[in-house]
Amino acid sequence: MKLNLRTFVLGFIGIVGTFLSGAGLLIPARAFGEDNLSVIILSNLRAFTGAELALTLFALYSLSNKKFQEPVLIFLLLTFIGWTVGQVLSYIVDGVPNALTTGSIIVQALFIPLTWAALKQK
């Protein structure tokens, strides 16, 4: 398998995202660094991380089936944009989050142009 930008983005997001979303499904309070979460928040976190797990597994699958790479990259791009906009808005409205969330905002924002470039690559 040739390592190009597409392979890097899909592989990196697939591997890292699978581990992070798995932790978010199994132990959301600990994975997100919060001990005082309500049942509603825990339910929503598990729902979002379940969707993230499906997307990251799809990204890994697309490494072996190239016809799915473009749809996965589009989903990833939209997800990165949506999460980044939502977290930046929360940063502005709700205040400064913890260091983990701040770091994830930066990483997600960096992956927007990277995913866009991978999408444009054939």
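Contact here means heavy atoms within 4.5 Å. The model shown in these views is predicted.

**View 1**
Leu55 lies in helix α3, which spans residues 39–62. With a relative accessibility of 15%, Leu55 counts as buried, because buried means under 20% relative accessible area. Setting aside residues up to four places away in sequence, Leu55 touches Phe75, Leu76 and Thr79. Leu55 is also 15 residues from Glu70 in sequence, and the two C-alpha atoms are 13 Å apart in space.

**View 2. Glu70 in helix α4.**
Glu70 is found in helix α4. Is this residue buried or partly exposed? Glu70 is partly exposed, at a relative accessible area of 35%. Apart from its neighbours within four places in sequence, Glu70 is in contact with Arg6, Leu119 and Lys122. Glu70 and Lys120 are 50 residues apart in sequence, yet their C-alpha atoms lie 9.0 Å apart in space.

**View 3. Helix α4 along its length.**
Helix α4 covers residues 69–94. It has 26 residues, and the distance from its first C-alpha to its last is 36 Å, close to the 38 Å expected at 1.5 Å a residue. Which residues of α4 are buried? They are Gln69, Val72, Leu73, Leu76, Leu77, Phe80, Thr84 and Gln87. The cover over these buried residues includes α1, α3 and α5. After α4 comes Gly95, which has a positive phi near 110°.

**View 4. Gln87 and its polar contact.**
Gln87 is placed in helix α4. Its relative accessible area is 16%, so Gln87 is buried. The side chain of Gln87 makes a polar contact with the side chain of Gln108, at 2.8 Å. Gln108 is itself one of the buried residues of α5. Not counting residues up to four places away in sequence, Gln87 touches Thr101, Ser104, Ile105 and Gln108.

**View 5. Helix α5 and its kink.**
Helix α5 runs over residues 99–120 and has 22 residues. From the first C-alpha to the last, α5 reaches 32 Å, close to the 32 Å expected at 1.5 Å a residue. Where in α5 does the kink lie? A kink of about 25° is found at Ile112, shortly before the proline Pro113. The buried residues of α5 are Ile105, Gln108, Phe111, Thr115, Ala118 and Leu119. Among the elements that cover them are α1 (5–26) and α4 (69–94).

**View 6. The largest nonpolar core.**
How many residues does the largest nonpolar core have? This core has 14 residues, and those with the most contacts inside it are Val9, Leu10, Ile13, Leu73 and Leu76. Two or more residues are given to this core by each of α1, α3, α4 and α5. The largest share, 5 residues, comes from α4. Leu76, one of the core residues with the most contacts, is also touched by Leu55. Val9 is in contact with Gly14, Leu73, Phe111, Leu114, Thr115 and Ala118, leaving aside its neighbours within four places in sequence.

**View 7. Aromatic pairs, with Phe8 and Phe12 in detail.**
The structure holds 6 aromatic pairs. In one of them, the rings of Phe8 and Phe12 have centres 5.6 Å apart and planes at 25°, so this pair is stacked. Phe8 and Phe12 are separated by about one helical turn, because they are 4 residues apart in helix α1. Phe8 counts as partly exposed at 37% relative accessibility, and Phe12 is partly exposed with a relative accessible area of 34%.

**View 8. The pair of Tyr61 and Phe68.**
Tyr61 and Phe68 form a tilted aromatic pair, 5.7 Å from centre to centre and with 40° between the planes. Tyr61 counts as partly exposed, at 42% relative accessibility. Phe68 also counts as partly exposed, at 25% relative accessibility.

**View 9. An aromatic cluster.**
Which residues make up this aromatic cluster? Phe8, Phe12, Phe80 and Phe111 form one cluster. Phe80 is among the buried residues of α4, and Phe111 is among those of α5. Phe111 is also in contact with Val9.

Methods
Residues numbered from 1 in each chain as written. Predicted model: local features only at pLDDT ≥ 70, side-chain atom pairs only at ≥ 80, totals over all residues. Heavy atoms only, no water. Expected span 1.5 Å × (residues − 1). Bend = angle between axes of the 7 residues up to and from the residue. Buried < 20%, exposed > 50% of the residue type's maximum accessible area, 1.4 Å probe, protein only. Core = buried A, V, L, I, M, F, W, Y, C linked by side-chain atoms within 4.5 Å. Phe/Tyr/Trp six-rings, centres within 6.5 Å; stacked < 30°, edge-to-face > 60°. Polar contact = N/O pair within 3.5 Å; in protein donor to acceptor, adjacent residues only side chain to side chain.
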